[in-house]
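Here's a quick briefing to read alongside the model. Have the sequence and the 3D view open as you go.

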Amino acid sequence: MQSQTITNPSEPLIPGVSPQVYSASDFQSVAQLVRQKAGIVLSEGKKMLVYSRLAPLLRKHQCATFRDYLELINVDAELSTRTIAALTTNHTYFNRESHHYDHFASEVRPNLLAAASKGDPVRIWSAGCSSGQEVWTLMMVLLGEQKQTGRKIAGQNIVALASDLADHAVKAGIRASYETEDMKAVPEVLRRNWCREEGRATEVGPELRTLVRFRQLNLLGQWPIRNLFDVIFCRNVMIYFDHETKEELVWRLANQLKPGGHLYIGHSERVSGRASALLDLIGPTIYRRRD
Ligand SMILES: C[S@@+](CC[C@H](N)C(=O)[O-])C[C@H]1O[C@@H](n2cnc3c(N)ncnc32)[C@H](O)[C@@H]1O
């Protein structure tokens, strides 16, 4: 929960910035908006971060004060979404929490490939995908080390949804061009098969691209998704949410899984509440939906 502090309104909230421009109550209004719309809790320690992330938006929209800007986003839903996106933490990297990919490769992939080879649809979701490193790693593991086999797999009825609230992150995922150095966390054979290295940049190749659909989606809102998923990765997203929001999200994710489907969450996250009745813990932060 957010702590309540008593701040002298005539004191600057951060050094060098007039309280006429950015006040404690402005910070509280931003924190309330972000919590209400995206579930993200901004602690008092984030005052400086809010200022530095939103100041460029104030300048762009010619607002002299945070008060003016808050009035503007009150009547501009698109700008409000962009403001929330600016306050998200998009830190991610290739092959993060590699034990999840190892588990996927050995325990889940064989069943998915068996289903796909019979023509059954295979559906995967990277929920809170940030700039795509998670879903691209997963797709490289799915296509695997044999190029011929991987190409056949890419032609089957397999679709991965990669969604994030932050539009700038989704765009980076679609661009799918990364520093070669950053991709080195992925085993070389997978990079060689499924990506194109061009000096300091490496691009995700066409076989991977055909598998993934990127979407801007707020996990707290409606999910315009008809199908159930075989696999959901929702990692390091809930850490920013309050307890009730986490429990509600994990409940919705559990209901979006096929029976026997797998949910992977971040290393510091846990399933609790009513979703516990649907999910069995089968490995470190790996859950399986009961049949
Ligand atoms: C720290 S990144 C994690 C990325 C990736 N899953 C990983 O583990 O490396 C968290 C992502 O969750 C997204 N996010 C936060 N709140 C969200 C919400 N309410 N709906 C959708 N995405 C959200 C952020 O925009 C951010 O890109």
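What pLDDT does the protein chain average? The average is 95, and 97% of the residues score at least 70; pLDDT is the predictor's confidence in each residue, from 0 to 100. This is a predicted model, where local features need pLDDT of at least 70, side-chain atom pairs count only at pLDDT 80 or more, and totals for chains, interfaces and linings use all residues. Residues are numbered from 1 along each chain as its sequence is written, and side-chain values use heavy atoms, with hydrogens and water left out.

**Around the ligand**

**Polar contacts (N or O pairs within 3.5 Å)**
- A ligand oxygen sits 2.6 Å from a side-chain N or O atom of Asp-164.

**Burial**
- Alone, the ligand exposes 600 Å² (Shrake-Rupley method, 1.4 Å probe), and the protein buries 99% of that.

Methods
Polar contact = N/O pair within 3.5 Å; in protein donor to acceptor, adjacent residues only side chain to side chain.
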